[in-house]
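Let's take a walk through a protein model together. Keep the sequence and the 3D view open while you read.

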Amino acid sequence: ILVPSTNSDKISVKTYLHILVKKQTEHAVPQLYTALQRRACSSLSVPRITTHYTIHSRDKDPRWEGIEMERFADEADVVIVGGGPAGLSAAIRLKQLANEHEKELRVCLVEKASQIGAHTLSGACLEPSALNELFPDWKERGAPLNTEVTEDVFSILTEKHRIPVPMLPGLPMQNHGNYIVRLGNFVRWLGEQAEELGVELYPGYAASEVLFHEDGSVKGIATNDVGIAKDGSPKDVFERGMELHAKVTLFGEGCHGHLAKQLYKQFNLRENCEPQTYAIGLKELWMIDEKKWRPGRVEHSVGWPLNRNTYGGSFLYHLNEGEPLVALGFVIGLDYSNPYLSPFREFQRWKHHPFVAPTLEGGNRIAYGARALNEGGFQSIPKLTFPGGLLIGCSPGFMNVPKIKGTHTAMKSGMLAAEAIFPQVVAEELDSETAGLHIPEYAENLKNSWVWKELRAVRNIRPSFHNYFGLYGGMVYTGIFYWILRGKEPWTLKHCGTDADQLKPAKDCTPIDYPKPDGKISFDLLSSVALSGTNHEGDQPAHLTLRDDGVPVARNLGIYDGPEQRFCPAGVYEYVPLETGDGMRLQINAQNCVHCKTCDIKDPSQNINWVVPEGGGGPAYNGM
């Protein structure tokens, strides 16, 4: 038996028998079955779903003959991909250093959102440590940190009751001195500071490709082509993307960046670290009854509606911005095993808890969104530098998971990157063995910073939940080894592998009966997506690409009952009947995509590859 085309899936009869001899049939049978399943998927006649050029090359497509494919190129000293806290902090710090040393330095930042901050979503409770370093006078500059935390509440929820948990000093969830913020507004303010310093910001331009020098070092990036029809053909308005070349390129795309994924493989950056693990965070903004508004109050909970073996929890923050606003959300670890679980519907169900619902009754929901977040922590940090570039922020993953905070660490990583880069990019003689500068000093600086110390101290908290007692075993571990020993235990726990590998077949799991939304506190998915402001050019190839169009029905639907139609928080994926004959097909509603990347992470077949759509597409969050 030789199946099918990719080397990783080839199993010979000799190899299979050798495994059987070693009495490892529990591994061999699923491996053989998976390979045969993929062979079947590839051979079946299925409707074409993916038309994107990253899957179907334009080189042999007659529709592209004679189309001008030359790209305009521009040069900068530093190019930054991503206009989030890390990218903007790096840009600001570079220009601060340039001004201090009276050096000319061209810094260009590209951001796929139509406006800086429009794709930013977080809780968010901001720890101001990095901001204090970047702008000691941030209050005078008008930074939108309007709500200092005044009250900290933590709970374990049962279906009908609440068990209060005391917030002891030193526990990672304590928020004394932090600020409740609308992170999109904060990022927009950072963008304004960057522009004042002379950073060139290019919102609405999605970086779609990493460019390389002949020696293999990173040369820069290219923005995506525009004017491609849904069927993959060129429109009359087709325009090639633009190349931006730099001495060094910083990749700060955020969680599970699609260029970072390519770099991991190109430079083998994940060779000496654990696989990254993730969560999905869903969030809403509400205008509530002013009598129930308690500005500065922070509430967190764990427990119901999740079982003890599903990692997750909630937040509810009372903002102080002149009107009775609350930000609330639910976070679920993507290492859950039941394919019937729907993060969106768990979030909606949680809002009906007797401790939560009274705050929302009589209120009005005004915004919705979702985003994946890194949860691998210290164990999952990849190699950060390579010839011509480096990784910053949530792209490699510096989130402090038990704190549920990553903005301060992301900002600090960008600042440390800038400080390592600056002396080399302004040097009169470049000291580099490659055309693109390799700056390993950044990684060393990070390891000597408070970021590394902070992440190392909490490294075992998230993986400690992988035990028979789940949530409760993890809480006991945290109490003993973090609160008492401050993470100084001489061991480092491991994660359980990739999130995509954790799903069990549907036949081994119990379907979850979710209550219908009431339209007052809980809502349906499509009306929620409408509040995200999401929009894409309709006539373009779906940016949710499939490596094999046959896999979803044959494997994901056949084995896991189509989990993508539940783990997607925007209704992008649905299985619909074939137009002719029996059977089902996968329909991708790419225009709904909120760019959360959950599908790319959780797909059990790892068949979905998220790539950037035309620049400016996606959600239009207003201070999320």
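## Salt bridges and strands

K412 counts as buried, with a relative accessibility of 9%; here buried means under 20% relative accessible area, exposed means over 50%, and partly exposed is in between (1.4 Å probe, protein chains only). Before going on, note that this is a predicted model, where local features need pLDDT of at least 70, side-chain atom pairs count only at pLDDT 80 or more, and totals for chains, interfaces and linings use all residues. Residues are numbered from 1 along each chain as its sequence is written, and side-chain values use heavy atoms, with hydrogens and water left out.

So what does K412 meet in a salt bridge? The partner is the side chain of E133, at 2.6 Å from N to O. A salt bridge is a side-chain nitrogen of Lys or Arg within 4 Å of a carboxyl oxygen of Asp or Glu. This pair links distant parts of the chain: E133 belongs to helix α4 (residues 129-134) and K412 to helix α9 (residues 407-425), 279 residues apart. Helices (H or I, at least four residues) and strands (E, at least two) are DSSP runs, numbered from the N terminus. While K412 is buried, E133 is partly exposed at 38% relative accessible area.

How many salt bridges does the structure hold? The count is 30.

| Pair | N to O distance |
|---|---|
| E133 and K412 | 2.6 Å |
| R141 and D137 | 3.0 Å |
| E375 and R462 | 2.7 Å |

Take E375 and R462, which form a salt bridge. E375 sits in the loop between β18 (364-374) and β19 (385-386), and R462 in the loop between α11 (450-457) and α12 (471-482), so this pair ties together parts that are 87 residues apart in sequence. Are these two buried or exposed? E375 is buried at 2% relative accessibility, and R462 is buried at 5%. Over at the other pair, R141 is partly exposed at 37%, and D137 is partly exposed at 31%. There is also a network of salt bridges that links E151, R294, R297 and E299.

Now for the strands. Strand β1 (residues 73-81) is mostly covered, with seven of its nine residues buried. Two strands count as paired if DSSP finds at least two bridges between them. β1 pairs with strand β13 (residues 243-251) in the parallel sense over eight bridges, and A73 has E243 as its bridge partner there. β1 also runs parallel to strand β2 (residues 107-111), joined by four bridges; I80 is partnered with L109 in β2.

Strand β18 is mostly covered too: nine of its eleven residues are buried. Its pairing with strand β14 (residues 278-287) is antiparallel, over ten bridges. One place to look is K283, whose bridge partner in β18 is G369.

Next, a helix. In helix α6 (residues 258-266), the buried residues are H258, L259, A260, K261, L263 and Y264. After α6 comes N268, which has a positive phi, near 55 degrees.
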